[in-house]
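This report describes a model of two protein chains, moving from a single residue to the chains and their interface. Please keep the sequence and the 3D view at hand while reading.

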Amino acid sequence: MNPRAAALLNWLDDRTGFRVIRHHLLDEPLPPGTGWFFTLGSILLFGLGIQVVTGTALALYYAPTPDHAWDSVRFITSEVRLGSFLRGLHHWGATVVVVAAALHMARVVFFGSYRKPRELNWIVGVVLLQVILAFGLTGYLLPWDQRAYWATVVAINISKLTPVVGEWAAGFLRGGPEVGALTLTRWYALHVLVLPPLLAVLVVVHLYLMRRQGISGPVRERRGTPAAFFPSQAARDLVMAFVVGILLAALAWKGAPALEPPADPAASGYIPRPEWYFLGLFQLLKYFPGKLEVIGALVVPGIAMTLLALLPWIDRGKSRAWHDRRFALGGFVLGAAAVATLTSLGAMDRPSTAATSGWNPQELAGATLIETSGQCAKCHNATSGIAGPIEAGHIGRPADWLASHVVDPEVIAPGVRQPPATNPRETAAILAALARMRSGPAPEQDPAAREAALLIDRNCLTCHRVDGAGGDEGPELSHVGRKYDAASIAKRVNNPVDVKPDAEMPPFGGKLTPAQIQTIATWLAARK
Amino acid sequence: MAGSGEDRRTVLARMVTVAGGVISAGVAGLVAVVAAPARLTNPRTWRRAATPSDLPSDQPLTLVLTARDADGWYETKKQSVIFLDRDGSGYRALSSTCAHLGCRVKWDETRAQFLCPCHGGVYDREGNVVAGPPPRGLERFNVRLNPQTGELEVEL
């Protein structure tokens, strides 16, 4: 080394003692046989690091108020450079952390690493798992979309089940009479101010205790001399971090999480689904009706976590070998299998009333009116200088503003505009489409499908319901194709009395052309 | 005073411990007071809902009632979804909030029951639990007929 550089380092070491620290951090002696399984904790640490960095970057743009939260997340996704990728990294990073934590924990159990003298560090690890899950829960609310809002309503109501302090706990988590502005600020503060330092302290304690007791090493001690952490184990850690990093980047690039429509406390029939790592708990709730609820919500998970924390004392086996620990290992495997089963059952159990991601005919008709009729486009286009084009994902105005604007643009934007010549039904369709366009563009429609949606919206939805839109005078038509083919439907539309003498439905034979009736019948017959 | 140095140290150490405890408790108390929610209920008010002739006979009427309400520093339009129905000679208003975990229940025409989309709670037309996890029926709100306007009003 250059003597000047060496002198500088000596000077620095004299004042900071960094060589001792470096030696302590990198030259930890590892028992022979410490291998790839022991990289799982480092992957977890890597994942947490990703979350800290991406979370901080997201906080540069995020605003935790009901007025702005959803819009700021939309802004991150659509305007911020690499914003969608950033959000994807944070979203999938949470999954990496949970999976790595579970695998790291399983490694510790199978290697018997929690046994004396490492009991306390095992407990710190179990507490860390709770902190990680708390991060997942509090972060879920922040986008303030439908999914966030309703998942939080359910989570807070679960806390209400806690004996004695339930109401108090729910009130503390809610911050006010309803889930609203005060809940959002509260959960934001927990997510970015309370939990991170807690996590940092626990991670430092975890690592300190790990160093104090040393790495447990393989189940059967091997002969040989201990090797330093640096560089061989450090290289394994880096390889794994690299692999996980690539995987994470691919997931974030391809699968940035969708932003659902803004939170709407009045939305009926919205089916909230928790993030996948809470699906097991979500499923468990279904087995405990009524007053037994508290068992599924708190007692079973509480007992499971307590048993997990007490594992070092439950496991009284003579050695770390598997055959000496059948009871403890068997219990852990059963518990893990139960969690996995509940999670997959929860993932598969989608209620039959679940709203389809497809657009209903009213929304499709509205999209056609917006895109093709020219009513909106005469002002909303790139060249008019009056108003920008209507773009999916860029609609931030509240529903009542849009309603006034579509009926009479002059009310909100005085000056040049004349209201679009739409009837109330078309106005409703346009508003329905705009509501859907908040979260994504309308599906591609061929001309026949466009015409079918317009005809069905105009003629059928007054009385019939299709995919949640329409009236309730007549039977629902969402799955009418299961019962009738196109010819049979066409006959009914043409003149219902031909098929059913006491039909109340008016004949459409004189009102619509045979071709139009055929278009409607073909579209409806495809509804299986 | 022999050994007084030792005594002084002991007394001082105790004082430091006690003072530290008092300060920590004070800070913790302050945080608890600040973090505890200020208000957990909004006052109830009577809201116009519908006229009796609006009510269909074969199913409850689903209504979205809007009222000004406080949400933190906002005054928001709080929207409550309720089901208004005839009840013998009177009227009945049911909350659409599932008594289980607070999802929004929906009237299902074909089954003539309220269904909760989350965990499968089922209620009959009167709001009583028929199946699923809800521990009690749907909440009932007071309904009154305003003789001056002829309109039904619901206390939310």
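Ala250(A) lies in helix H10 of chain A, which spans residues 229–254; helices (H or I, at least four residues) and strands (E, at least two) are DSSP runs numbered from the N terminus.

## Basis and confidence

The model is predicted, with local features requiring pLDDT of at least 70 and side-chain atom pairs counted only at pLDDT 80 or more, whereas totals for chains, interfaces and linings use all residues. Residues are numbered from 1 along each chain as its sequence is written, while chains are lettered from A and ligands numbered from 1 in the order in which they are written.

The average pLDDT of chain A (the predictor's confidence in each residue, from 0 to 100) is 86, and 95% of the residues score at least 70. Over residues 352–357 of chain A, however, pLDDT stays under 50, and there the model has 7 contacts beyond four places in sequence; two residues are in contact if their C-beta atoms, placed from the backbone, lie within 7 Å.

## Nonpolar cores

The largest nonpolar core contains 90 residues, and those with the most contacts inside it include Val97(A), Trp144(A), Ile82(B) and Cys103(B); such a core is a set of buried Ala, Val, Leu, Ile, Met, Phe, Trp, Tyr and Cys residues joined through C-beta atoms within 7 Å. Helix H5 of chain A, residues 83–110, gives the most to this core, with 12 residues. Leaving aside residues up to four places away in sequence, Trp144(A) touches Pro66(A), Ala69(A), Trp70(A), Tyr149(A), Leu184(A), Pro262(A) and Ala263(A). A second, separate core has 34 residues, among them Ile430(A), Leu434(A), Leu461(A) and Val480(A).

## The two chains

Chain A has 21 helices and 4 strands. Its radius of gyration, 30 Å, is well over the 24 Å that the globule rule gives for 528 residues, so chain A is more spread out than a compact globule; the radius is taken over C-alpha atoms, and the rule is 2.2 Å times the number of residues to the power 0.38. The C-alpha atoms of chain A fill a box of roughly 95 × 60 × 45 Å along the principal axes, and 33% of its 528 residues count as buried.

Chain B, by contrast, has 1 helix and 11 strands. Chain B is likewise more spread out than a compact globule, because its radius of gyration of 28 Å is well over the 15 Å that the globule rule gives for 156 residues. Its C-alpha atoms fill a box of roughly 95 × 40 × 25 Å, taken along the principal axes, and buried residues make up 27% of the chain.

## Where the chains meet

In the interface, 33 residues of chain A are in contact with 29 residues of chain B. On the side of chain A that touches chain B, two or more residues each come from helix H7 (146–159), helix H8 (166–174) and helix H9 (181–213) of chain A, and H7(A) gives the largest share, 5 residues. The residues on this side of chain A divide into 18 nonpolar, 9 polar and 6 charged, where Ala, Val, Leu, Ile, Met, Phe, Trp, Tyr, Cys and Pro count as nonpolar, Asp, Glu, Lys and Arg as charged, and the others, Gly among them, as polar.

Notes
Buried ≥ 20, exposed ≤ 12 C-beta atoms within 10 Å, placed from the backbone.
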